[in-house]
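Have a look at the sequence and the model first, and then we can go through a few points together.

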Amino acid sequence: MQFLRVSWKILVGLKDLLVLLFLFLFFLAMFALLNASPNPAVVRDGALLLKLDGVISEQPAEVDPLTALTSSAMPTGEIRQRDVVRALKLAEKDARVKLVVVDMERFMGGGQASLAAIGNSLEAVKKAGKPVYAFATAYTDDSYQLAAHATQIWMDPLGGAVITGPGGSQPYYKGLLDQLGVKANIYRVGTFKSAAEPYMRTEQSPESKMAIKGVYDEVWSQWKAGVAKARPQAQLDRMLTDPAGAVESVKGDLAQLALSTRLVDKLGDRIAFGKFIAGKVGADDKKTTGGFAHTPMDALLASYGPATAGAQIGVVTIAGTIVDGEGGPGTAAGDTVSGLIYDALDNKDLKALVVRVDSPGGSVTASEKIRLAIEAAKAKKIPVIVSMANLAASGGYWISLPADVIFADPSTITGSIGIFGVIPSAEAGLAKIGVNADGVKTTPLSGEPDILNGFSPEFDRVAQSAIENGYRQFLTRVATARKKTPEQVDAIAQGRIWAGGTARQLGLVDRTGGMHDALAEAVKRAGLKPDGWHAEYIEPPTSFAGTLISGLMPKRAQAAAPMDIFAQASWQQQLLFQRISADLNMLTGVRGAQAKCLECVDFGAPATAKADTGWFAMLVKAFS
């Protein structure tokens, strides 16, 4: 009897604990939802505050709840590029917005084409008679590309502006593979298809160096020209030609160097900057030290809501590596993206379709699924326009082929028309630890690919022939879409990447322009009035769990964001290690033939999530 009474008390206690846990989770969810949802009621007279904590992306990825709750480091925050552009467009005419503040204290970069579009929007705000003020502790290439458009640039006295230009070292793994006894069996087509080079060489090939150097030079010249146009008084030459001498001449005072070379206008901490802005628009409601009257970007967007009037112009964003299967926002999953397009064509009255591409490519089969879905739009006799963002290379170019018109920014990286496949085998490594393999075959391909004994010559021939056939199909699709012969396409293909300006001269794209130009072309081809349409965004919905996590993560994400130049350098190192992990994992993580541009990683927005760890990365750790 005593045992039953004790058991009953334990059960009652567990019940009470579960009720408390449920209530805790309920209020946590409500708090997260409130944090995640912008409040249009907080729009007030003052500044529009663009608080760019994180990276600029075309389509922010959904945060994995399990990773967010179990990891000690939160994923990098992402800001949707089109939200920034639309907020600035609204600020031009909204009488409540007196000026714009671009807070880049924790800004972590973005692709050059995406940043150029925001820069153009900042210029439009200034032309509307509203000044723009920028603040940061440290300015790098990406943040300065935006800051150059400001009416006045502020910087913390403990900070600095370090402009480096594109380029740097890339990791090559052939020596490591040899030591581990792992062979990367590579099948590829394209003299310039350097995606597989890290696994087959110890240094960059001359062909790859030539191609990438040409793109670097073109993109860098565009960056310098854009900054010079936006801020002609900036004296960049001293920092670019002799950075060490320039820094030593001011005894290491990077802030004074930036001020003397007119890269910035004012030195002052965040409090001083806030008081300066408050002197123009007034203090905030709570009279916070360094605070000023402002409206957050999300609140301004929420006060207007999405446009719904007029005809529908469908807009689908394909961002990130193209993969097979399904995925949420920020994942270019073939089944998901193609399904969204088919569903929109069946159930919406679209007058045109605009495809925004920001992808280095990926799976051939997933790319083809997306291409066929876009082709279905053309079959319905509606105009199809492609707008290339930072990257539309390899598979990203493959999916662009159905377009009636392809727009690209001058700094867009495109082309990389080529295919490869890579499958590892470990015969030498296994032999080192005393593992041998033997068996009986019934056909030349029995047991292939044989990771124990190495691949047979017959399998190598089959795999290479299949890759060559895929390349021919790629050439044929490009030739048909761009009205060229396969031979003409092959001459500019071979896996070589091109910047948007050169790609237009080669006939790979049609016009220079951004998303605004693509939408205008879609409206024109659909025969709509300039004010008789709205963009209907075709995107995967964010899950409930993802919404909760996004509401809880901002403070933790901000705490991890770099501020000064040393923190920026450390973060860049983290990105490099993340890239190495992803490169090694690709050996076993890739499914099928790839139309992907690995070297394009340097031209897009910085990575925002840690790569998964596969067996090969674990093997490396075991031997390290």
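Predicted model: local features only at pLDDT ≥ 70, side-chain atom pairs only at ≥ 80, totals over all residues.

In which sense do strand 1 and strand 4 pair, and over how many bridges?

1. Strand 1, residues 46–51, pairs with strand 4, residues 97–103, in the parallel sense, and six bridges join them. Within this pair, Leu50 stands opposite Val102 of strand 4.

2. Both strands belong to an open sheet of six strands, ordered 8-6-5-4-1-9, with parallel pairing. At its edges are strand 8 (266–267) and strand 9 (294–296), each of which pairs on one side only.

3. Next, a pair of helices. The axes of helix 3 (residues 81–93) and helix 4 (residues 112–127) come within 9 Å and cross at roughly 10°. Angles under 35 degrees count as roughly parallel, and the two helices are therefore roughly parallel to each other. Helix 3 brings Gln81, Val84, Val85, Leu88 and Glu92 to the contact, while the residues from helix 4 include Ala117, Ile118, Leu122 and Val125. By type, the residues of this contact are eight nonpolar, three polar and one charged.

4. Now for the nonpolar cores. The largest has 53 residues, and Leu353 and Ile417 have the most contacts inside it. Helix 18 (residues 457–482) gives the most to this core, with eight residues. Apart from it lies another core of 47 residues, including Tyr139, Met155, Ala234 and Val264.

5. Beyond its neighbours up to four places away in sequence, Ile417 touches Tyr397, Tyr471, Phe474, Leu475 and Val478, among others. Arg496 and Leu508 are also among the residues it touches.

Note on methods
Residues numbered from 1 in each chain as written. Heavy atoms only, no water. Pairing = 2+ DSSP bridges. Helix = DSSP H or I, 4+ residues; strand = E, 2+ residues; numbered from the N terminus. Core = buried A, V, L, I, M, F, W, Y, C linked by side-chain atoms within 4.5 Å. Buried < 20%, exposed > 50% of the residue type's maximum accessible area, 1.4 Å probe, protein only. Contact = heavy atoms within 4.5 Å. Axes fitted to C-alpha atoms, helices over the stretch in contact; angles between N-to-C directions. Parallel < 35°, antiparallel > 145°, perpendicular 65-115°, else oblique. Nonpolar A, V, L, I, M, F, W, Y, C, P; charged D, E, K, R; others polar.
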